[in-house]
Amino acid sequence: MCYLVRHVACKLVSLCDNAEPNEVTLQRQILMFMKTGKSWLDCRKPLLADGFLDLALKAVTQCDHMNAVNCIQRCKDMLRRIPKETGYLALLCYNFGVDTYQQKKYEESAFWLSQSYDIGKIDKRYSPGSPVQAKVLRLLANVYLEWDIKQHQERALNAVILANQENPHPAGLFLKIKILLKGIFPDAVISA
């Protein structure tokens, strides 16, 4: 009978999904989902267990993202003391952005790519350079394009314009045309 109570409690927790739960809440959810999954396995109901174990995995991923965000913030603060690490940190964020983009986690990808670009601007002496910065911005524009062009068309266009200013490239020109064709822009913007 305990497994039914856990089942209902977990369903309530997942229905009352907090948009940005803190780390303690996520850890509690993970524990709750895992215990419920184990209870269903003990009752020889693997299909029900699978659903709760999937919820636990999603919560773990979300918790890892929050931890990574906190770590990057601390690293950015340390860049004032050790500016030579600027390029490394910018490329690390870029790699996170690429990974999350490939997983179609567009919001996280946009965050990491924005961080990469911002970190690359902190100290030009140690930044990855204009070609890499432009590449980051072009990928960011693609993220906005694939995420939801109607909602993020301005951001996508701004990112590709910035990329083309940073380092002109045929891919940037093509991407700008693609964004203009898919978006809903006034004629003045399209002719510019």
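Me: Which word describes how α5 and α6 run relative to each other, parallel or antiparallel?
Reply: This is a predicted model. The axes of α5 and α6 cross at roughly 25° and come within 12 Å. Angles under 35 degrees count as roughly parallel. So α5 and α6 are roughly parallel.

Me: Is the crossing of α5 and α6 left-handed or right-handed?
Reply: Handedness is a separate point from the angle. Where α5 passes α6, the crossing is left-handed.

Me: How many nonpolar residues are in the contact of α5 with α6?
Reply: On the α5 side, the contact includes Y106, A110, L113 and Y117. On the α6 side, V136, L140, W147 and L162 are among the residues. Five residues of this contact are polar and four are charged, while the nonpolar ones number twelve.

Me: How do α4 and α5 run, roughly parallel or roughly antiparallel?
Reply: Their axes lie 8 Å apart, and the packing angle is about 165°. Angles over 145 degrees count as roughly antiparallel. So α4 is to α5 roughly antiparallel.

Me: How many charged residues does the contact of α4 with α5 have?
Reply: From α4, the residues include L89, C93, F96 and T100. They meet residues of α5, among them E108, W112 and I119. By class, ten residues are nonpolar and seven are polar, and the charged count is one.

Me: What about α4 and α6: are they roughly parallel or antiparallel?
Reply: Helix α4 covers residues 86-102, and helix α6 covers residues 130-166. Their axes come within 11 Å and cross at roughly 25°. That angle is under the cut-off of 35 degrees. Therefore α4 and α6 are roughly parallel.

Me: Which residues of α4 meet α6?
Reply: The crossing of these two helices, α4 and α6, is left-handed. On the α6 side, the residues in contact include V132, L139 and V143. On the α4 side, they are L91, Y94, V98 and Y101.

Me: Which element gives the largest share of the lining of the second largest pocket?
Reply: The second largest pocket has a volume of about 180 Å³. Eleven residues line the second largest pocket, and H65, F96, T100, E108 and W112 lie nearest its centre. Elements giving two or more residues to this lining are α3 (46-78), α4 and α5 (106-122). The largest share, four residues, comes from α3.

Me: How many nonpolar residues are in that pocket's lining?
Reply: Sort the lining of the second largest pocket by class. Four residues are polar and four are charged, and the nonpolar ones number three.

Note on methods. Residues are numbered from 1 along each chain as its sequence is written. This is a predicted model: local features need pLDDT of at least 70, side-chain atom pairs count only at pLDDT 80 or more; totals for chains, interfaces and linings use all residues. Side-chain values use heavy atoms; hydrogens and water are left out. Axes are lines fitted to C-alpha atoms, for helices over the stretch in contact, and angles run from 0 to 180 degrees between N-to-C directions. Angles under 35 degrees count as roughly parallel, over 145 as roughly antiparallel, 65 to 115 as roughly perpendicular and the rest as oblique. A crossing is left-handed if the near helix is turned anticlockwise from the far one by less than a right angle, and right-handed if clockwise. Contact means heavy atoms within 4.5 Å. On a 1 Å grid over the protein atoms alone, a cavity is a set of points where a 1.4 Å probe fits but cannot get out, and a pocket is an open set with protein on both sides within 12 Å along at least five of seven lines; lining residues have an atom within 4 Å of a point. Grid points are joined across faces, edges and corners, and a volume is the space filled by probe spheres set on the points. Ala, Val, Leu, Ile, Met, Phe, Trp, Tyr, Cys and Pro count as nonpolar, Asp, Glu, Lys and Arg as charged, and the others, Gly among them, as polar.
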